[in-house]
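Please work through each task before reading its solution.

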Amino acid sequence: MGIDPGTNYMGYGVLEVEGRRLRTVVLGDIDLHRLTDPYAKLRYIFERVGALIDEFAPREVALESPFFGENVQSMLKLGRAQGVAMAAALSRGLPVSEYAPTRIKQAITGRGSAAKEQVAAIVCRTLTIDRPPRRLDATDGMAVALCHYYTTASPLNAALGEARVKGLGGGKKAASKGGSQSWEKFLSDHPEREVK
């Protein structure tokens, strides 16, 4: 399940994977813009995300990380929305992954600076969605699910093991000293390979 957190609309998509075949189970958004009390919004997010998880039974949940912007208040609100959605998944024992917005766009379109419309068009084409949803938040949520699938299905990531980064990059750890301990582990397992 992929979730694009928001404070007015929260997009979501559940992706079914059978071998290499991908299928849309559900695609939609949670309308929050009528709720004026910020705490009522958070409770509603928790309840709706929990209900979606209960109904569609995903095995994993992936979320878009809040981006760093100029407006601190907006970031704070978005972070709270993301945290509550994350808590709904964690309360049901599901593993959670996070992906930066640029990483999601790059996974879907090949460009980290792609427009929402480009992401929506490619998501619809990839999953043969004939009637795109009214709001792009829904396709953004499905883009998160697709990004997670592409990341976890990658042979490179399978070779790196099961460690996951819970930060902005999301997915599996990078094969670098700063991203993980994989080089240190390799050298400790193969001391004869170290060049001094």
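**Exercise 1.** Which residues of helix 2 are buried?

Solution. The model is a predicted one. A residue counts as buried under 20% relative accessible area. By this criterion, the buried residues of helix 2 are L78, A81, Q82, V84, A85, M86, A88 and A89. The next step is to find what covers them: the cover includes strand 1 (2-4), strand 2, helix 1, strand 4 and strand 5 (96-99).

**Exercise 2.** Describe how helix 1 and helix 2 pack.

Solution. Begin with the geometry: the angle is about 35° and the axes lie 8 Å apart. The crossing of the two helices is right-handed. Next, identify the residues that meet: helix 1 contributes L42, I45, F46, V49, G50 and I53, while helix 2 contributes R80, A81, V84, A85, A87, A88 and A89. Finally, sort this contact by class, which gives 11 nonpolar residues, one polar and one charged.

**Exercise 3.** Which residues have the most contacts inside the largest nonpolar core, and which element supplies its largest share?

Solution. The largest nonpolar core has 23 residues, and M1, I3, M10, I45, V49 and V61 have the most contacts inside it. Elements supplying at least two residues each include strand 3 (21-31) and helix 1 (38-56). Helix 2 provides the largest share, six residues. A separate second core of 18 residues includes L15, A62, V119 and C147.

Methods:
Residues are numbered from 1 along each chain as its sequence is written. This is a predicted model: local features need pLDDT of at least 70, side-chain atom pairs count only at pLDDT 80 or more; totals for chains, interfaces and linings use all residues. Side-chain values use heavy atoms; hydrogens and water are left out. A nonpolar core is a set of buried Ala, Val, Leu, Ile, Met, Phe, Trp, Tyr and Cys residues joined through side-chain atoms within 4.5 Å. Buried means under 20% relative accessible area, exposed over 50%, partly exposed in between (1.4 Å probe, protein chains only). Helices (H or I, at least four residues) and strands (E, at least two) are DSSP runs, numbered from the N terminus. Axes are lines fitted to C-alpha atoms, for helices over the stretch in contact, and angles run from 0 to 180 degrees between N-to-C directions. A crossing is left-handed if the near helix is turned anticlockwise from the far one by less than a right angle, and right-handed if clockwise. Contact means heavy atoms within 4.5 Å. Ala, Val, Leu, Ile, Met, Phe, Trp, Tyr, Cys and Pro count as nonpolar, Asp, Glu, Lys and Arg as charged, and the others, Gly among them, as polar.
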